[in-house]
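Q: I have a structure open and want to learn to read it. Where do I start?

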Amino acid sequence: MFRWVIPTIIAVVAGLLVLLGYLAPIPIFVSVRIVLVRWATVLAAFALVLAYGSILKVHIARVFRRRIRHRIASLILLVSAVITLVLVLLQGPEGIWVQAILSDILIPGQSAVLALTAVTLLLSGMRLFTTRRSPMAVLFLATALLMLLGTIPVVYPRTVELIVQLVDAAATGGMRGLLLGVSLGIVITGLRIILGIDRPYSGG
Amino acid sequence: MTETLGLIVGAVLTLMVFSYLLGDNVLYRWALALLVGAAAGYAVGVAARYVLNDWIVGALAAQGAPDSLAYAVPLVLGALLLLKGFPPTRFLGRIAVIGNSSLGYLVGVGAAVAVSGALVGTLIPQVTVTGEALRIDEGGLAIAQGAVVLLGTVLGLYYFHTRPHTHRDAPPSKTPVQQKTERLGMAFIAIALGTAFSGALTSALTALVLRLWQLVELAERLISLVAG
Amino acid sequence: MENQLIALGLVLIGAFALSIYGMRQQRKSKRARSSDGQDGVEAAARAERGAGVVPAFQTFTAEVGRVAEAGQAVHVALGSGGLLSEDGMVSIAALQGLAALTKLSAAYDTPPYLTTGDPTLYLLADTQLRDAYARLGTAQGYRPGCVRFSAPTPTLYAAQAATLTLDEPVGTHINLGAFDQEASLLVDAAVTKKAKLAGGAVSPAGLSALYPDLTERQLIIGEELFAGGAEVTDRSAFLASLAAANLLRWLVILGILVAAGISLVGPLLEGGG
């Protein structure tokens, strides 16, 4: 009963009402949809509390486990997580200390981690022909190099410019094919849930 | 002064993160732990304030049954969801299955949001824009580009065409034309991925240059401070 | 308004196709079972052979046995696709593609590490693994620490989840779900650890980060990710989904061609008029 019957009824009813609220131009459905989506954001907030608890549990266990590497890192994570939470609760997201954490720690830190991907992507690109030796891999690399060259502000001969424009069009086409395929997958997966055929919330 | 201090903190953190380029090490791990902890604390703090201020306080102040119900339903579903945090060895963990209802609600609403978003936000606009790219009144190159985009989209989409069959049947064989069409579709996708790779690399390099530039800026500021 | 009505029409066609193909597929499966009297074990064996649509999904279950023998574990990075976003369906499809892996892992009691960058996805992954143990009657054996919420932003998630691959005895690393270029950090950790790689993504940036390190048989590209359920289970609903998606695909292609035709002919007609 609680495993899948009630959850399925809830998922189907909520899903249908929200879908109608988005696609059927009737005001009552739109109002219901707004309320239901707002409720879902509250549930997402509860999920975040649980997920936060999971982070704390994992790292508390690591701090107290012997013969384990990076215990201090786990301790730093715990202290940082608790202090930031307390500050946000006390001051709110606009508080001076919270803003300092955002602008002096989180923004530069995340940007630095993103910058690391420049190196990991380059290394990965260099390994391309060790895993793939196919015409498609050649096409992948040639396109990547051509597009990178295209970002350099140099005046290229007309033929090269023409090639770049046509490759760009081919890339746009390929990406649209990819995105449209994914959209179809999303629609079908979503419909399976809304029709109650799929029940991932009860363990699949 | 506070601004300089902030810059120093950001710069030290950047250098600690960049130390990963020399291999996995404690400095990188400490920086990452600090960032993950701060991000998690910030996110949960904002979420907790939202629930507390907008919903719990609202529920306490609600007047009339419909109003109270509108506040109570998500809070009750949220409370049921919290049962999922208990391990199965505890009593509350054993009844965690009750939380499936809350998860069902999230999945149901999420499915509807995703379906409408995919259709109205991606599928229909992409179909329209792909068709409209082919315009006869805009010159030779524009027609060629439009035709290539159209071909790439249709073949890229065709590449994912599957031939579903039950497990006991042998998969239906493909005709040579189908095989060639699929390979052409794959070629368009490989070109798209190559372009995406260069885009990802460019954005990462931009982030790298920005971080390095900030280090230089800090050095200049410190030098000017020391020099008076 | 016009787009919403077209979308509603597509939803109705999709739902109708799913129901019709589903019923047809179910009848076919029933006939097949009654004709050769196959029992559940044989059906499971058939499911392991897969539908042959996306072979990469088949390698997942093989990895469970391999890493268990070597005393290692599988790390599945599920990405940051939250249930309330479009990527939520990507995450759900990824978990369906991993259904056989989680069931087999629970049976061997060698649970995989599942990491997520979204709290709602964390709960769904936890429910799937918890249920896999419960179905075997060993609910008490479930270890909650195996499913981890790593960080709330995609970049930090990838960096933090990569440390799990480096720290734990991970023999196979699977990236499956909603990723962008941050997937490169996870791949780098797996390559450093010399772990076997597999997986897929749906975004061009995420796929491009996986493409150089994963072979053709290891990489799941875009829409293929949604075929996981059909590949690893014997459920007729999943096979019906593939057929319904094909029907919608032809409608989309037709729509593109009609739009192109109107775009081409329109100026000529205007000129003639």
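A: Start with the domains of chain C. Keep in mind that this model is predicted. The centres of domain 1 of chain C and domain 2 of chain C are separated by 30 Å, taken over C-alpha atoms.

Q: Which residues belong to domain 1 and domain 2 of chain C?
A: The domain assignment puts 1-37 + 235-273 of chain C in domain 1. Domain 2 of chain C covers 54-233.

Q: How many residues of domain 1 of chain C are in contact with domain 2 of chain C?
A: Count residues as in contact when their C-beta atoms, placed from the backbone, lie within 7 Å. Five residues of domain 1 of chain C touch four residues of domain 2 of chain C. On the domain 1 side, three are nonpolar, one is polar and one is charged.

Q: Now the chains. How many residues of chain B are in contact with chain A?
A: The size of an interface is often given as the accessible area lost when the parts come together. Here we count residues instead. 101 residues of chain B are in contact with 105 residues of chain A.

Q: Which elements give two or more residues to the side of chain B that touches chain A?
A: Six helices of chain B are on that list: helix 1 (2-18), helix 2 (26-61), helix 3 (65-82), helix 5 (100-132), helix 6 (140-159) and helix 7 (176-226). Helix 2 of chain B gives the largest share, 23 residues. Sorted by class, this side of chain B has 71 nonpolar, 26 polar and four charged residues.

Q: How many residues of chain A are in contact with chain C?
A: 52 residues of chain A are in contact with 57 residues of chain C. At least two residues each come from helix 1 (5-23), helix 2 (27-64), helix 4 (96-126), helix 5 (128-131) and helix 7 (158-194) of chain A. The largest share, 14 residues, belongs to helix 7 of chain A. By class, the chain A side has 33 nonpolar, 15 polar and four charged residues.

Q: Which residues touch the most other members of the largest nonpolar core?
A: In soluble globular proteins, nonpolar side chains tend to be buried together. In this model, the largest nonpolar core holds 217 residues. Those that touch the most other members are A:Leu43, B:Val17, B:Leu35, B:Ala39, B:Val109, B:Val115 and C:Leu186.

Q: Take B:Leu35. What is B:Leu35 in contact with, leaving aside its neighbours within four places in sequence?
A: B:Leu35 is in contact with A:Ile105, A:Leu106, A:Gly109, A:Gln110 and C:Leu156.

Q: What secondary structure does chain B have?
A: Chain B has seven helices and zero strands. Along the sequence, the pattern reads α-α-α-α-α-α-α.

Q: What part of the contacts in chain C joins residues 24 or more positions apart?
A: Look at contacts with a separation of 6 or more. In chain C, residues 24 or more positions apart account for 73% of them. In chain B, among contacts between residues at least 6 apart, 30% join residues at least 24 apart.

Methods
Residues numbered from 1 in each chain as written. Chains lettered and ligands numbered in written order. Predicted model: local features only at pLDDT ≥ 70, side-chain atom pairs only at ≥ 80, totals over all residues. Domains from an automatic or database assignment. Contact = placed C-beta atoms within 7 Å. Nonpolar A, V, L, I, M, F, W, Y, C, P; charged D, E, K, R; others polar. Helix = DSSP H or I, 4+ residues; strand = E, 2+ residues; numbered from the N terminus. Core = buried A, V, L, I, M, F, W, Y, C linked by C-beta atoms within 7 Å. Buried ≥ 20, exposed ≤ 12 C-beta atoms within 10 Å, placed from the backbone.
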